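Let's take a walk through this model, starting with the helices and ending with a few side chains worth a click. Keep the viewer open as you read.

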2 protein chains.
Amino acid sequence: MPAPPRKRRPYAARMPVAERKQQILDAALQVVVERGHGKVTMDTVAEEAGVTKPVVYSVFDSRAHLLAALLKRERDAAVAQVVDALDAAHVDIARTPPDQLLADVSRVYLNGVAAAPYRWRCILFAVDGAPEELRAAIDEARELLRGLLGSLLTSLVARQPEPPAVDIDILSHSLVAFAEMAGRLLLDHPDRYDVDRLVRSATTLVRLVEP
Amino acid sequence: MPAPPRKRRPYAARMPVAERKQQILDAALQVVVERGHGKVTMDTVAEEAGVTKPVVYSVFDSRAHLLAALLKRERDAAVAQVVDALDAAHVDIARTPPDQLLADVSRVYLNGVAAAPYRWRCILFAVDGAPEELRAAIDEARELLRGLLGSLLTSLVARQPEPPAVDIDILSHSLVAFAEMAGRLLLDHPDRYDVDRLVRSATTLVRLVEP
């Protein structure tokens, strides 16, 4: 009968690297949102993940790399969530009434916020001590989404029998501001501002492009 | 013939205390916006104001007191600017069409932003290293203005022959978000988004309460 393996690590179950990486990043996100960016260290992340520090170092060789990976993961996931919703809207633009379109996009976005509150809290609130890079990455993502929204609005307006005179540029800025505000309300007071109530309000905005 | 006064101070012209205080605070605001909150010291403020450090100490006995006074001055001035506009709108609510009312309020606010860009930059942007107290003070001011805007919207809606079904709470949140966004565009790209263009866009928002 063979002897049991000797080098078992008592504090961390074996895990494929990709899965381990996500576990560490999940823990780091938790530290960021609950305690602020300044509190993210290899120690606090290891503690939050319930692993030893060498396990953290086996995946990320420095705090800077860990934070950069976290920032990239959260921003990309958030953008993907919204881009998918906008893409789907573009596909359906010919056969969906504008108010239904806005309701659908808002609902996908707000359900996404509700499903990943830590991700969105990190993005929608000026989390204490957020590094300059995070703010720059958020600004960049906002510009990207605003461009996509602008092109959606342009199609929407062009489709009207009598295209209304709207300032698409400012309107897309306004919709992004509205989306951020709605996301914050949902995160801060989910009991008061649920997804349905916020979607209902969003659809009234459609009167701007379809008077 | 009397001798000339002996104790003339070479670096700072005599000035009444109240005026000196404003001069020091103006310099501090400049340091905050141009270099960040972390760079505000009795030294940098003295240098910016073109006075000696003892002159700064003659008005504020510590950096903390100076920053607190600055924060209070800027927030109160910003709130007063907007409250005055909203008050005037309340007075005129019975005889001014809603779109004109919104145009008037937006114009007063945006002209205020354009006239005091440093004040509003300090409030509308997450200035690097802004202390927690500043953010708390801004949140408080935002809540106050949102309440006033809500009461204005309530009067406006009640006045309609057929009052539309709008969510005043979310609409007032939306208008504050719009106002902040418009102020940021004006500060960042005054050549592209001037007051007139932003006011025109704001008035299209009135269709929300007057369909």
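A quick rule before the tour: a residue counts as buried under 20% relative accessible area, as exposed over 50% and as partly exposed in between, using a 1.4 Å probe and protein chains only. This is a predicted model, where local features need pLDDT of at least 70, side-chain atom pairs count only at pLDDT 80 or more, and totals for chains, interfaces and linings use all residues. Residues are numbered from 1 along each chain as its sequence is written, chains are lettered from A and ligands numbered from 1 in the order in which they are written, and side-chain values use heavy atoms, with hydrogens and water left out.

Chain A has 9 helices and 0 strands; helices (H or I, at least four residues) and strands (E, at least two) are DSSP runs, numbered from the N terminus. Of its 211 residues, 46% are buried. Contact here means heavy atoms within 4.5 Å. Among the contacts in chain A with a separation of 6 or more, 68% are between residues 24 or more positions apart.

Which residues does Val79(A) touch, leaving aside neighbours within four places in sequence? They are Ala141(A), Leu144(A) and Leu145(A). Val79(A) sits in helix H4 of chain A and is buried, at 13% relative accessibility. Its C-alpha is 9.7 Å from that of Ile138(A), 59 residues away along the chain.

Arg146(A) has a polar partner: its side chain makes a polar contact (N or O atoms within 3.5 Å; within protein, one must be able to donate a hydrogen and the other to accept it, and residues adjacent in sequence count only if both atoms are side-chain atoms) with the side chain of Asp169(A), at 3.4 Å. Asp169(A) lies in helix H8 (residues 168–188) of chain A and is buried at 18% relative accessible area. Beyond four places in sequence, Asp169(A) also touches Arg192(B), Tyr193(B) and Arg197(B).

**Rings**

Rings of Phe, Tyr and Trp (its six-membered ring) pair if their centres lie within 6.5 Å; planes under 30 degrees apart count as stacked, over 60 as edge-to-face and the rest as tilted. That gives 2 aromatic pairs over all chains.

| Pair | Centre distance | Plane angle | Type |
|---|---|---|---|
| Tyr109(A) and Trp120(A) | 5.4 Å | 85 degrees | edge-to-face |
| Tyr109(B) and Trp120(B) | 5.4 Å | 85 degrees | edge-to-face |

In chain A, the pair links helix H5 to helix H6, with its residues 11 apart, and both Tyr109(A) and Trp120(A) are buried. In chain B, Tyr109(B) is buried at 11% relative accessible area and Trp120(B) at 4%.

Trp120(A) touches residues including Ala78(A), Val82(A), Phe125(A) and Leu187(A). Trp120(A) and Trp120(B) are also among the residues with the most contacts inside the largest nonpolar core, which has 134 residues; such a core is a set of buried Ala, Val, Leu, Ile, Met, Phe, Trp, Tyr and Cys residues joined through side-chain atoms within 4.5 Å.
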